[in-house]
Amino acid sequence: MDLPDIARPDAAGIVIHTWRTDDQLRAADAALKTWRSRPWPADCLSRTVLLGLDGRLVLHYEQWSSTQLGYRLVHSEPADGPSDEVLVVSFGVSKVAQQRRLVDVMLPHVTPGTFLHASTDGGSVVAWTTRDTWSHLDELPWVERLSSQRFRPHAALAHSSVATARSA
């Protein structure tokens, strides 16, 4: 299964949730069952579930046509080809002005398949990527690396609530 179209032009808001569970597959499938059984908000475009390679994390990635409290895509560098896994790296900053500065520092190190998301509260930047090319950020006193986790796609639902095939 392919990963979601992160750069889709009609997505104005992005919601990213992660949680740790002892039964990763059951938690992911329960979320999908819930999404399939309830009407979706009209402005929710897609929902994707990814499974952490650590065997415990579940990531939900939702795209909305309206602005959401969550994230907005601030940079897109499409991949050269399909990928069967993604690295999600999260960085925190303490001031809104530092968020834009952090994006500017990250941009020269972006590789194909990287999408930078800025939180709407100004406190973090999340990179959806294939490679972590930002080790130099660990030396900056105003940036905190919050997490770095690899995920593989599990299932994706479009607004029509039809799931794509689950990847193995």
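Predicted model: local features only at pLDDT ≥ 70, side-chain atom pairs only at ≥ 80, totals over all residues.

Reader: Okay, and the fold? Which elements does the protein have, and how do they run from the N terminus on?

Author: Read them off in chain order: β-α-β-β-β-β-α-β-β-β. That comes to two helices and eight strands. As for overall size, the radius of gyration is 16 Å, close to the 15 Å from the globule rule for 168 residues, so the protein is as compact as a globular protein of that length. Along the principal axes, the C-alpha atoms fill a box of roughly 45 × 30 × 30 Å.

Reader: How much of the protein is buried?

Author: Residues count as buried when they have under 20% relative accessible area. Here that applies to 45% of the 168 residues. The accessible surface is about 8500 Å², with 51% of it belonging to carbon and sulfur atoms.

Reader: What about contacts between residues at least 6 apart in sequence: what share join residues at least 24 apart?

Author: For this protein, 75% of those contacts do.

Reader: Which residues is Val49 in contact with, leaving aside neighbours within four places in sequence?

Author: The list includes Ala28, Leu32 and Trp35, then Val58, Leu59 and His60, and also Pro153, His154 and Ala155. Take His154: from Val49 it is 105 residues away in sequence, yet the C-alpha atoms are 5.5 Å apart in space.

Reader: Now the rings. How many aromatic pairs does the structure hold?

Author: Two. For each one, look at the centre distance and the angle between planes. Tyr61 and Trp128 form a tilted pair, 4.9 Å centre to centre with 55° between the planes. This pair links distant parts of the chain, with Tyr61 in strand S3 (residues 57–64) and Trp128 in strand S7 (residues 124–129), 67 residues apart. Tyr61 is buried at 0% relative accessible area, and Trp128 is buried at 4%.

Reader: And how are Phe91 and Trp134 arranged?

Author: Edge-to-face: the centres are 6.5 Å apart and the planes make 85°. Phe91 sits in strand S5 (residues 86–92), while Trp134 is in the loop between S7 and strand S8 (144–158), and 43 residues separate the two.

Reader: Are these two buried or exposed?

Author: Phe91 is buried, and Trp134 is too.

Technical notes. Residues numbered from 1 in each chain as written. Heavy atoms only, no water. Helix = DSSP H or I, 4+ residues; strand = E, 2+ residues; numbered from the N terminus. Rg over C-alpha atoms; globule rule 2.2 N^0.38 Å. Buried < 20%, exposed > 50% of the residue type's maximum accessible area, 1.4 Å probe, protein only. Contact = heavy atoms within 4.5 Å. Areas by Shrake-Rupley, 256 points an atom, 1.4 Å probe, with all protein chains shown as cover. Phe/Tyr/Trp six-rings, centres within 6.5 Å; stacked < 30°, edge-to-face > 60°.
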